[in-house]
Each structure stands twice: as structure tokens, then as C-alpha cells.
Amino acid sequence: MTTPEEERRVQDAVRRHARTRAFAEAEDVISAVLSDPGVQEARERVEAAETELGLELQARLQLFQDRYDQAVAEGDADGLSGLCAGKHGRWGRICVLPDEHETSMEEPHWGRNSEGRPIAWVGSAPDDW
């Protein structure tokens, strides 16, 4: 006969196994989709357009990047907290514009990509393909 504690441990193990399997299956599907040549081509075209737009906006928006860099260097939490809430740092992009810029300034997200080049993008969808 099993104790309630053993039963709980078994149920927890079954849940962990199901979750791990579901994540592995999802990763396989995502990898298959992202490796498709059409998707790869679309990604390259989007990256080129974002880089071009980032360069076009650099003269007007570089001041925001400078403010961001200074706030990071000084550890200015107040300065950083007023920036765009839609951080994309996980994918190598951090928007340096003020919070709610998309509606008030009608600007896309703008900052630098992981290689340090100016980049502009719309929305908050992951760009890690």
C-alpha cells in the first residue's frame, strides 16, 4: 500500500515527465519550422529591413541610446525604469526609447542589436530565429 506522500511524489514525477516531453516536442516542431528555407529567407529580409530602418532613425534617436548607456554606466535605476517596458534583451535587443513610445511618439522600438548595430523593430515578438 502506498502512502499519500509516495502518491504525491509519483504524481509530481508524472507531471514533470509530461511537461519535459511537451517542451521537447515543441522544440522539435519549432526547429523544423525555423529551418525551412522560406522561413530563413523571410527572416533575412526582416533583419535587413530592421537594420535599414535602424540606421535611418539613428540620427534622430541616438540621444536615447546615449541616455541609456549613461544610465547603465551610472547604475541609474530611475533612468532605466522610465524606458520602454517591452524589453527584448533576451534576443539581443533592448529598446532605449521612453515607456509608451509606440503610442506617444509613433516610433518603432529602437536600440542596438547584439552586434551593436542600430536596429528598429515593431512589436514584441521574439526575434531569436
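I began with His101, which I located in helix 4 (residues 101-104). I took helices (H or I, at least four residues) and strands (E, at least two) as DSSP runs, numbered from the N terminus. The model is a predicted one, in which local features need pLDDT of at least 70 and side-chain atom pairs count only at pLDDT 80 or more, while totals for chains, interfaces and linings use all residues. Residues are numbered from 1 along each chain as its sequence is written, and side-chain values use heavy atoms, with hydrogens and water left out.

**Entry 1: His101**

Is His101 buried or exposed? I found it buried, because its relative accessibility is 1%. Buried here means under 20% relative accessible area, exposed over 50%, and partly exposed in between (1.4 Å probe, protein chains only). I then listed what His101 touches, not counting residues up to four places away in sequence: Cys84, Cys95, Glu106, Glu107, Pro108 and His109. Contact means heavy atoms within 4.5 Å. With His109 there is also a polar contact between the two side chains, at 3.2 Å. A polar contact is a pair of N or O atoms within 3.5 Å; within protein, one must be able to donate a hydrogen and the other to accept it, and residues adjacent in sequence count only if both atoms are side-chain atoms.

**Entry 2: the sheet**

I followed His109 into the strands and noted that its bridge partner in strand 3 is Trp121. Strand 2 pairs with strand 3 (residues 118-121) in the antiparallel sense, over four bridges. Two strands pair if DSSP finds at least two bridges between them. The hairpin of strand 2 and strand 3 has five residues between the strands, and in it Gly116 takes a positive phi near 90°.

**Entry 3: the core**

Which residues have the most contacts inside the largest nonpolar core? I noted Leu57, Leu61, Phe64, Cys95, Val96, Leu97 and Trp110, in a core of 13 residues. Helix 2 gives the largest share of this core, four residues. A nonpolar core is a set of buried Ala, Val, Leu, Ile, Met, Phe, Trp, Tyr and Cys residues joined through side-chain atoms within 4.5 Å. For Leu97, beyond four places in sequence, the residues touched include Leu61, Phe64, Leu83 and Trp110.

**Entry 4: Tyr68**

I placed Tyr68 in helix 2. Tyr68 counts as buried because its relative accessibility is 17%. Leaving aside neighbours within four places in sequence, Tyr68 is in contact with Leu80, Leu83, Ile94 and Val96. The C-alpha atoms of Tyr68 and Leu83 are separated by 8.4 Å, the two residues being 15 apart along the chain.

**Entry 5: the whole chain**

I counted four helices and three strands, in the pattern α-α-α-β-α-β-β along the sequence. Of the 129 residues, 23% count as buried.
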